[in-house]
Amino acid sequence: MKVKNICCIGAGYVGGPTMAIIAQKAPGINVTVVDINEKRIAAWNAADVNNIPIYEPGLAEVVAEARGRNLFFSTDVDQAIDEADMIFISVNTPTKTYGIGKGMAADLKFIELCARQIARVSKTDKIVVEKSTLPVRTAEALKSILDTTGNGVNFQILSNPEFLAEGTAVADLQAPDRVLIGGDLDTDAGRAAIKALVDVYAHWVPQEHILTTNVWSSELSKLTANAFLAQRVSSINALSELCEQTGADIKEVAKAIGMDSRIGPKFLQASVGFGGSCFQKDILNLVYIAKSFGLHEVADYWEQVIIMNDHQKRRFAAKMVKTLYNTVSGKKIAMLGWAFKKDTNDTRESAAIYVADYLLNERAEVVVYDPKVSQEQILADLDYLGTRTEAENRAAITVVNSAIEATQGAHAIAIMTEWDAFKDLDWKHVYEEMLKPAFLFDGRRLLDRHELEALGFDFYAIGS
């Protein structure tokens with residue numbers, strides 16, 4: 001089976017970049033990304049490619065190369081499905097906020113809607129690829145929906161989880177350490193479907209980096225990978241609190257640990273806590289799966305990773321209040337960064353949201369600057385928490401257009417995202433523009449504390 005037309009349902013942080021790279025690397029394949037969000041599709045088709053809806057270093061250049069040649073963005077979902085040989089499902093799978101599994105299980109309503117639409121529209125055989133992060137055995141449910149509600153079409157279901165790190169997604173896609181493809185290894189049709197997807201990636205990925213498994217192993221591998229990475233973050237954050245109490249330096253501890261070849265240095269940077277769309281959602285999903293099988297000790301083990309992460313965010317905000325003489329009421333707090341990490345405009349589960357919410361509850365005057373996150377998104381993130389009304393959020397928080405503007409007259413600065421631009425600030429000028437005494441809270445290991453102290457800052461750090 002040779003794939004000539006690919007459809008991807010979902011033009012978000014996974015679907016958009018992944019399909020752009022496939023189109024760039026496999027110019028003989030037509031790739032159409034579809035979404036019912038007309039505003040998002042219009043942004044992907046913007047005349048100025050720098051205005052595409054997702055910021056990733058290098059992504060605009062990839063889109064500019066392939067768009068209009070063999071990369072297309074459309075709201076006509078039915079047509080794209082009908083014409084496709086292979087359909088990627090890359091829609092949101094948030095944690096359920098209702099019913100059985102509330103707060104832990106993945107909400108699969110969008111996945112089911114996609115499956116029913118594919119079944120309704122398809123008139124020829126299709127390969128359907130799970131690209132969203134899904135619970136184990138979701139492929140089984142997809143297969144059931146497609147086979148029982150379709151038009152007699154034969155469907156093969158593959159699992160192809162993404163292992164992208166936002167901020168380096170383009171590099172991760174262009175040179176992945178592995179591509180994981182799960183499918184039915186026991187039938188000729190299943191093996192043919194797996195080979196068809198292998199051949200797509202083989203346009204640029206070496207064969208030894210393409211791993212094929214059964215579909216259940218692929219689904220579980222994605223959840224497990226994110227759980228292991230998040231576990232490392234929570235582990236080093238737990239040690240950061242112990243370091244503060246004992247006088248140890250968390251940077252020195254992390255360096256010593258990371259030099260052990262059995263452990264390695266990655267994901268050992270203490271911070272305000274991990275954010276992003278995957279870690280918390282996938283761990284909660286893993287907890288739910290374990291509990292559903294009666295594996296309560298396993299569930300408790302992984303749930304502790306989330307508990308530690310939530311504690312770190314609360315601890316960072318509480319330390320600010322304590323340092324500012326146990327009150328921030330009426331005091332201006334400058335928050336530099338809102339995205340959950342640098343080089344992305346993704347704010348999902350960003351620690352900054354929860355720290356800001358805590359400070360607003362203490363009646364601080366919070367001023368925010370992020371190089372890539374809009375005022376509209378910042379306010380939407382706060383509104384989503386439901387702590388205050390929309391009007392109250394707009395009255396309580398100010399979003400400005402530069403770091404210098406944010407820090408003018410501030411009682412304290414909190415570094416929330418490790419944007420490189422913050423390293424290059426004229427910190428002497430920043431200090432002179434602040435109210436005195438001036439405090440700086442660094443949750444992202446950006447700055448040399450001795451230089452800041454020499455300028456006059458009282459420097460407090462969780463992440464360094």
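The predicted model holds 0 disulfides. Cys-8, for one, is in no disulfide: the nearest cysteine sulfur belongs to Cys-7 and sits 7.0 Å away, and a disulfide would need the two sulfur atoms within 2.5 Å. Cys-8 is also buried, with a relative accessible area of 0%. Another cysteine, Cys-243, comes out at 8% relative accessibility and so counts as buried, since the cut-off is under 20%.

Turning to the inside of the protein, the largest nonpolar core has 56 residues. The members that touch the most others in this core are Met-335, Leu-336, Trp-338, Leu-359, Ile-413, Trp-427 and Phe-457. Helix 13 gives this core its largest share, 7 residues. Leaving aside residues up to four places away in sequence, Leu-336 touches Tyr-369, Ala-403, Ala-406, Thr-407, Ile-413, Ala-414, Ile-415, Met-416, Thr-417, Phe-422, Leu-425 and Trp-427.

Next comes a pair of helices. Two packed helices are described by the angle between their axes and by the distance between those axes. For helix 9 (residues 215-246) and helix 11 (residues 279-292), the axes come within 9 Å and cross at roughly 115°. The crossing of helix 9 past helix 11 is left-handed. On the helix 9 side, the contact is made by Leu-220, Lys-222, Leu-223, Asn-226, Ala-227, Leu-229 and Ala-230; helix 11 brings in Phe-279, Asp-282, Ile-283, Asn-285, Leu-286 and Ile-289. Sorted by class, that makes 9 nonpolar, 2 polar and 2 charged residues.

Most residues other than glycine have a negative phi. Phe-267, however, has a phi near 60°, a positive value. This phenylalanine lies in the loop between helix 10 (250-258) and helix 11, and at 37% relative accessibility Phe-267 counts as partly exposed. Arg-363 likewise has a positive phi, near 70°. Its place is in the loop between helix 13 (351-361) and strand 10 (365-369). Arg-363 has a relative accessible area of 65% and is therefore exposed, the cut-off being over 50%.

How values were computed. Residues numbered from 1 in each chain as written. Predicted model: local features only at pLDDT ≥ 70, side-chain atom pairs only at ≥ 80, totals over all residues. Heavy atoms only, no water. Axes fitted to C-alpha atoms, helices over the stretch in contact; angles between N-to-C directions. Helix = DSSP H or I, 4+ residues; strand = E, 2+ residues; numbered from the N terminus. Left-handed = near helix turned anticlockwise from the far one by under 90°. Contact = heavy atoms within 4.5 Å. Nonpolar A, V, L, I, M, F, W, Y, C, P; charged D, E, K, R; others polar. Buried < 20%, exposed > 50% of the residue type's maximum accessible area, 1.4 Å probe, protein only. Core = buried A, V, L, I, M, F, W, Y, C linked by side-chain atoms within 4.5 Å.
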